[in-house]
Amino acid sequence: MLHTATKAAKEGGGVLQKYFQSSLLERRFKDDNTLATQADEEAEKRIIEVIKQYYPDHAILGEESGHQDTGSQYTWIIDPLDGTQNFVNGIPIFATSIALVKNDEPIVSAIFNPITNDLFAGEKGKGAFCNGQKLAVSQQQAHTAMITIGTSSRTEDKDLVRRYFFHAREYVKSVRYLGSAALELCYLARGGSEGFINIGTNKWDYAAGVLLVQEAGGVITDFQGNPWSFNQNYFLASNGTIHSELLELAKTAANSIKG
């Protein structure tokens, strides 16, 4: 299963690489006002072809093609291009993201950035890796910590992001918005950042990355510190060391809305 995920991610990434900074790239806006290109569609088609070669009976949930329900307990969740806005603007922070979920629990994941040639992969209970090197979250504390934030395109979510940015420096050293939740979770798992705040993104944005964080020793909860479940798309992920500070930040951001 892991072999299939990594093979599909790399082949999907090959499609993206072909279109990156190409004059052939055409963009369009979907009904929800999010951006899509023919690169997204071709990459997802290729990813599904690879998966179906090995697991024809498994279900598929793709950002572009929707849900193909086969009745299987296994579902492949696919984001063929996470970071579309970056991609179309020539910014190399994007990736293919693939997760295999069994009964609402990610068990295999692969995330591939074809520009940096970084392949992040993990399997439940067997660790997380980047290009074959085992990953572990950092041990940095809040006063040196960097966090990132991912959000949906909804107005209320974007407003909440602004509140997090406004208050973040009370709790951590720095905050970034990179525009690719999948890679932001990878960077947390690798120890490149210390926290990630997910505000309303879709399953295909975070499905693969959350497994990597968990396998690298990270912590994921809801905004109140309760155990996180896969269908919750508002959550805090961290190296564990700064998690209490993220919870305080979440409380402050929420109270600023009420005020």
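**Close-up views of a predicted model**

**View 1. An open sheet of 8 strands runs in the order S4-S3-S5-S6-S7-S8-S9-S10, with mixed pairing.** Strand S4 (66-68) and strand S10 (133-134) stand at the edges. Each has a single partner strand, so one side of each lacks a neighbour in the sheet. Strand S3 (residues 59-62) pairs with S4 in the antiparallel sense over 3 bridges. Ile 60 stands opposite Gln 68 in S4. Strands pair if DSSP finds at least two bridges between them. Helices (H or I, at least four residues) and strands (E, at least two) are DSSP runs, numbered from the N terminus. This is a predicted model: local features need pLDDT of at least 70, side-chain atom pairs count only at pLDDT 80 or more, and totals for chains, interfaces and linings use all residues. Residues are numbered from 1 along each chain as its sequence is written, and side-chain values use heavy atoms, with hydrogens and water left out.

**View 2. Two helices, H1 and H6, lie across strands of the sheet.** H1 lies across strand S5 (74-82), S6, strand S7 (106-113) and strand S8 (118-123). H1 runs at about 25° to S7. Helix H6 (residues 203-215) lies across S3, S5, S6, S7, S8 and strand S9 (127-130). H6 runs at about 105° to S7. Axes are lines fitted to C-alpha atoms, for helices over the stretch in contact, and angles run from 0 to 180 degrees between N-to-C directions.

**View 3. Helix H1 (residues 2-19) crosses helix H2 (residues 38-54) at roughly 155°.** Their axes come within 8 Å. H1 and H2 are therefore roughly antiparallel to each other (angles under 35 degrees count as roughly parallel, over 145 as roughly antiparallel, 65 to 115 as roughly perpendicular and the rest as oblique). The contact (heavy atoms within 4.5 Å) includes His 3, Lys 7, Glu 11 and Tyr 19 of H1. From H2, residues including Gln 38, Arg 46, Ile 47 and Tyr 54 take part. By class, the contact of H1 with H2 has 10 nonpolar, 4 polar and 5 charged residues. Ala, Val, Leu, Ile, Met, Phe, Trp, Tyr, Cys and Pro count as nonpolar, Asp, Glu, Lys and Arg as charged, and the others, Gly among them, as polar.

**View 4. Val 101 sits in strand S6 (residues 95-102).** Val 101 counts as buried, at 4% relative accessibility. Buried means under 20% relative accessible area, exposed over 50%, and partly exposed in between (1.4 Å probe, protein chains only). Leaving aside residues up to four places away in sequence, Val 101 touches Gln 73, Tyr 74, Thr 75, Ile 77, Pro 106 and Phe 230. Ala 207 is 106 residues from Val 101 in sequence, yet 8.2 Å away in space, C-alpha to C-alpha.

**View 5. Strand S11 (residues 146-151) and strand S12 (residues 174-176) pair in the parallel sense over 3 bridges.** S11 is mostly covered, with 5 of its 6 residues buried. Thr 148 has Arg 176 of S12 as its bridge partner.

**View 6. Helix H5 (residues 181-190) is largely enclosed by the rest of the structure.** In H5, 8 of the 10 residues are buried. Among them are Leu 183, Glu 184, Leu 185 and Cys 186. Gly 191 follows H5 and has a positive phi, near 90°.

**View 7. Asn 117 and Asn 131 each have a positive phi.** Most residues other than glycine have a negative phi. Asn 117 has phi near 60° and lies in the loop between S7 and S8. Asn 117 is partly exposed, at 49% relative accessibility. Asn 131 has phi near 50° and lies in the loop between S9 and S10. Asn 131 is also partly exposed, with a relative accessible area of 45%.
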